[in-house]
Amino acid sequence: MATEYPAGPRQRDVLDALWRLSSSPYFTLALTIVVALALLIAAALPQEPVAARSDYVVRSQWLALVHHRYPTTGEALLAVGAFNVFRSLWFRILVALLAFNLCLRLINLAETVWQSRRSPAVRRPESFFAEKLSVIYQVTGLSWDETLAAVHRALTTTVARPGEEHAQSVSYFHADSGPWPLWGALVLHVGALLVIVGWLVSGWFGWQTEAIRLGIGQQIAVGETHYTLRLDDLAVKDGDFRAEVVLLGEGGEVHRSVVTAWWPLRGGGLTVRGMGYGPAVIVRAKDNTGRPIMLQSFVEGAEPEEMVHLPFGEPGEERYFVVPERGLVVRLVLVQSEDTNAGPSFQVQAYRGSAVEPVLDGTLVASDQVEIAGDYYVMDVGHYALLQTTYDPGDEFVLVGLLLACGGMMLMLWKPRAQAWVLVAAEGGGITVKARGEVGGHDQRFNLLVSEVEKALAAHKVMGERRG
Amino acid sequence: MSAVDEVIFWGVAYTCFLAATVAYIVALWRGLDVAALVGRLTGALGAGLMVGGLALRLARIGRWLPAGSGEVATAAAVVAVIVLLIFERRGKLQSGGAGVLVWVVLLDSFVLWSLVIGGQGSVALVTGRANVLDVLRVTLDVIACGCLLVSGGLGLARLIPARWSVAGRPSADALDVEAWRALVWGTSALSGRLVIGALAVYLAGRNLWAAESGLLGPMAAWVACGGIVAVERAGGWRATLAMLATAAALVAMLAGGG
């Protein structure tokens with residue numbers, strides 16, 4: 001099969017030049033370096049919490065923190081978006097440019113793959129062999145057939161997959177190392193684009209709730225979904241925790257799973273992650289006849305109930321509940337313990353009406369029953385789980401994209417592409433062999449090919465010309 | 001056992017690395033084989049002492065897996081020296097390792113500042129919680145940083161202007177070939193680390209794009225490597241390019257906690 005080649009270089013226009021510039025590997029390098037810098041900034045500097053975008057209190061706390069930590073540079077860093085890299089305009093433009101560059105390179109690659117499959121460029125003009133990485137021999141000791149066989153053997157040994165075309169007194173050979181490097185590059189580009197798509201999807205559709213403190217038996221509605229989260233059990237041991245969490249939908253239980261610091265609950269498109277746990281006190285009360293007394297916590301929207309759940313965070317935090325029918329207010333304070341291995345302890349004070357002096361002032365170190373003004377208050381010292389619900393449909397794209405990109409990168413690195421062309425011509429009673437290689441500058445395969453050809457031909461290098 | 005133990009080891013190792021750097025530079029400048037040999041020996045001794053110090057530290061703390069930027073940097077410096085010595089045995093680097101030693105000394109300075117002077121740079125890690133993914137992640141982190149350090153170091157040696165009269169100058173081709181080889185190993189380890197890290201973060205239900213995921217730093221280094229590979233495929237490879245990946249990997253490791 002003969003291959004047609006264009007007579008000369010194609011006329012270039014502005015669009016052509018723009019295409020070349022935008023798909024240039026140096027443009028890729030420049031963009032990747034700036035993206036790498038941006039990622040390093042995002043890794044090194046604290047990024048604005050999601051809640052700060054909608055909650056002014058959180059935002060002002062965040063700004064105060066920034067000014068406290070970066071008193072001299074804080075304003076400048078805020079102005080350039082260094083504390084909000086992934087949502088800054090410059091980063092989006094940068095990613096858009098990188099995606100554009102990757103798309104163009106992907107098209108170029110697809111074209112190369114298509115061409116390499118359809119018509120391997122076996123036949124090359126003489127001028128092709130006058131460029132770099134080429135070598136020319138004058139063979140005198142071998143017949144025509146022996147020379148062709150030797151060239152074929154050398155190409156098979158060093159590069160693989162030789163193809164050949166024969167014309168009158170001229171034979172052309174082409175060999176390349178196989179499709180893997182090209183496929184690797186294709187997969188790498190597709191993977192990188194998938195990561196970008198995943199990042200965009202996460203940014204557009206993803207959301208997460210604030211950390212929710214949930215005691216055993218408690219449940220809470222998840223954001224604006226129709227799901228409800230319930231904690232059925234919580235076991236704490238050696239600083240680790242296992243929370244049995246149930247995701248409830250309109251029709252009942254959707255999913256149930258044990259959540260740990262390393263294993264979330266996944267169901268209904270949501271991910272419920274265990275962020276930690278903390279001490280809590282669960283209070284129930286009854287009078288001296290055993291009748292339950294209604295209690296009410298100070299949480300917004302709380303109603304009188306038979307049980308209140310009081311979660312605590314840092315030592316010194318205080319929680320209140322009221323006993324409406326007794327006119328009592330009970331205050332609990334988490335006390336800092338000197339013994340880090342000891343469980344949490346609480347100071348408990350109860351006040352009646354507007355009296356300044358408490359009717360009860362004591363310490364609670366374990367679950368206990370406390371008598372206040374003739375009623376009995378059962379105070380169970382336990383824990384709450386700190387849970388966070390996220391919805392991120394982009395995660396899977398990012399994960400698959402990273403897998404593809406890293407796999408493609410490995411193929412490219414470990415199976416680099418090498419091509420070689422050889423022209424064998426009968427000239428003036430002798431045989432001339434011209435070889436040309438296309439390999440990376442550090443790739444030794446062309447040198448290997450040259451030595452193999454020399455060995456096979458036992459050539460007399462009359463012209464001894466070698467470039468590259 | 002007191003904290004002085006590893007300090008002594010690392011202090012002597014630092015001195016060894018400094019001596020090795022000077023010896024390599026002398027070998028590079030004057031072409032003295034003896035100086036290159038001294039450089040190799042003191043470098044190897046320094047690496048051995050770093051390993052000893054790290055082992056003592058981990059035994060004292062009660063862990064077996066390096067954690068935090070300081071400990072990972074220690075292990076990466078050791079890997080860099082080992083990789084350099086291997087490359088020197090099989091390649092034609094002559095005294096091109098001078099650049100690598102410069103990076104190693106810089107990294108070791110950080111280790112001393114972080115773990116000894118600052119007393120920080122280490123994240124407590126309960127031994128029982130270090131699963132297979134953690135072990136793989138840290139191992140690949142260390143290999144990636146060590147190899148990229150070598151690649152960037154050879155790139156540094158490639159920067160020596162041609163007009164300077166340097167008797168022990170290695171050929172630019174040799175530096176390019178070996179720097180590429182180190183970059184290939186480093187990028188491969190980084191790719192594995194990125195995939196494992198992403199998988200662990202995803203399985204734990206955490207945000208892949210949050211700094212706490214520990215993915216942004218390696219991703220930055222990997223992205224820089226990707227750009228360099230693109231240029232290499234186009235035939236524009238120079239060892240000096242590797243310095244970009246090295247710088248990104250070092251910043252990622254030091255800022256991101258390893």
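Me: Where in chain A does A:Ala373 lie?

Reply: In this predicted model, A:Ala373 lies in the loop that joins strand 18 (368-372) to strand 19 (375-391) of chain A.

Me: Why is A:Ala373 called exposed?

Reply: The relative accessible area of A:Ala373 is 52%. Exposed means over 50%, so A:Ala373 counts as exposed.

Me: What is the phi of A:Ala373?

Reply: Phi of A:Ala373 is near 50°, which is positive in a residue other than glycine. Most residues other than glycine have a negative phi.

Me: And A:Ser169: what is its phi, and where is its place?

Reply: A:Ser169 has a phi of about 60°, again positive although the residue is not a glycine. Its place is in the loop between strand 2 (162-167) and strand 3 (170-176) of chain A.

Me: What makes A:Ser169 partly exposed?

Reply: Its relative accessible area is 37%. Buried needs a value under 20% and exposed one over 50%, so A:Ser169 falls in between and is partly exposed.

Me: How do you know that A:Ile431 is buried?

Reply: A:Ile431 has a relative accessible area of 8%. The cut-off for buried is under 20%, so A:Ile431 is buried. The residue lies in strand 21 (residues 430-438) of chain A.

Me: Which residues does A:Ile431 touch, not counting those up to four places away in sequence?

Reply: They include A:Tyr137, A:Val139, A:Leu142, A:Ser143, A:Trp144 and A:Val424. A:Ser143 is 288 residues from A:Ile431 along the chain, and their C-alpha atoms are separated by 8.4 Å.

Me: Why are helix 2 of chain A and helix 7 of chain B called roughly antiparallel?

Reply: The axes of helix 2 (residues 25-44) of chain A and helix 7 of chain B cross at roughly 170° and come within 8 Å. Angles over 145 degrees count as roughly antiparallel, therefore this pair is roughly antiparallel.

Me: Which residues meet there?

Reply: From helix 2 of chain A they include A:Pro25, A:Thr28, A:Leu29 and A:Ile33, and from helix 7 of chain B they include B:Leu216, B:Met219, B:Val223 and B:Ala230. By class, the contact has 18 nonpolar, 4 polar and no charged residues.

Me: Why does B:Ala230 count as buried?

Reply: B:Ala230 is at 8% relative accessibility, and buried means under 20%, so B:Ala230 counts as buried. Its place is in helix 7 of chain B. Leaving out residues up to four places away in sequence, B:Ala230 touches A:Pro25, A:Thr28 and A:Arg105.

Me: What makes helix 8 of chain A oblique to helix 7 of chain B?

Reply: Helix 8 (residues 395-414) of chain A and helix 7 (residues 216-233) of chain B pack at an angle of about 40°, with their axes 12 Å apart. Roughly parallel needs an angle under 35 degrees, and roughly perpendicular starts at 65, so helix 8 of chain A is oblique to helix 7 of chain B. Their crossing is left-handed.

Me: Which residues make the contact of these two helices?

Reply: Among them are A:Leu402, A:Met409 and A:Leu413 of helix 8 of chain A, and B:Met219, B:Trp222 and B:Arg233 of helix 7 of chain B. The residues of this contact divide into 10 nonpolar, 1 polar and 1 charged.

Me: How do you know that helix 2 and helix 3 of chain B are roughly antiparallel?

Reply: The axes of helix 2 (residues 33-61) and helix 3 (residues 68-90) of chain B cross at roughly 150° and come within 9 Å. The limit for roughly antiparallel is over 145 degrees, therefore helix 2 and helix 3 of chain B are roughly antiparallel. The crossing is left-handed. The contact includes B:Arg40, B:Leu54 and B:Arg57 of helix 2 and B:Glu71, B:Val78 and B:Glu88 of helix 3. Its residues divide into 11 nonpolar, 2 polar and 4 charged.

Me: Which residues have the most contacts inside the largest nonpolar core?

Reply: They are A:Phe86, B:Trp209 and B:Trp222, in a core of 125 residues. Helix 6 (residues 172-203) of chain B gives the largest share of this core, 14 residues. A second, separate core has 23 residues, including A:Ile293 and A:Phe312.

Me: What is B:Trp209 in contact with, leaving aside its neighbours within four places in sequence?

Reply: Its contacts are A:Phe86, A:Val195, A:Trp199, A:Ser202 and A:Val398 in chain A, and B:Leu216 and B:Met219 in chain B.

Methods: Residues are numbered from 1 along each chain as its sequence is written. Chains are lettered from A and ligands numbered from 1 in the order in which they are written. This is a predicted model: local features need pLDDT of at least 70, side-chain atom pairs count only at pLDDT 80 or more; totals for chains, interfaces and linings use all residues. Side-chain values use heavy atoms; hydrogens and water are left out. A nonpolar core is a set of buried Ala, Val, Leu, Ile, Met, Phe, Trp, Tyr and Cys residues joined through side-chain atoms within 4.5 Å. Buried means under 20% relative accessible area, exposed over 50%, partly exposed in between (1.4 Å probe, protein chains only). Helices (H or I, at least four residues) and strands (E, at least two) are DSSP runs, numbered from the N terminus. Contact means heavy atoms within 4.5 Å. Axes are lines fitted to C-alpha atoms, for helices over the stretch in contact, and angles run from 0 to 180 degrees between N-to-C directions. Angles under 35 degrees count as roughly parallel, over 145 as roughly antiparallel, 65 to 115 as roughly perpendicular and the rest as oblique. A crossing is left-handed if the near helix is turned anticlockwise from the far one by less than a right angle, and right-handed if clockwise. Ala, Val, Leu, Ile, Met, Phe, Trp, Tyr, Cys and Pro count as nonpolar, Asp, Glu, Lys and Arg as charged, and the others, Gly among them, as polar.
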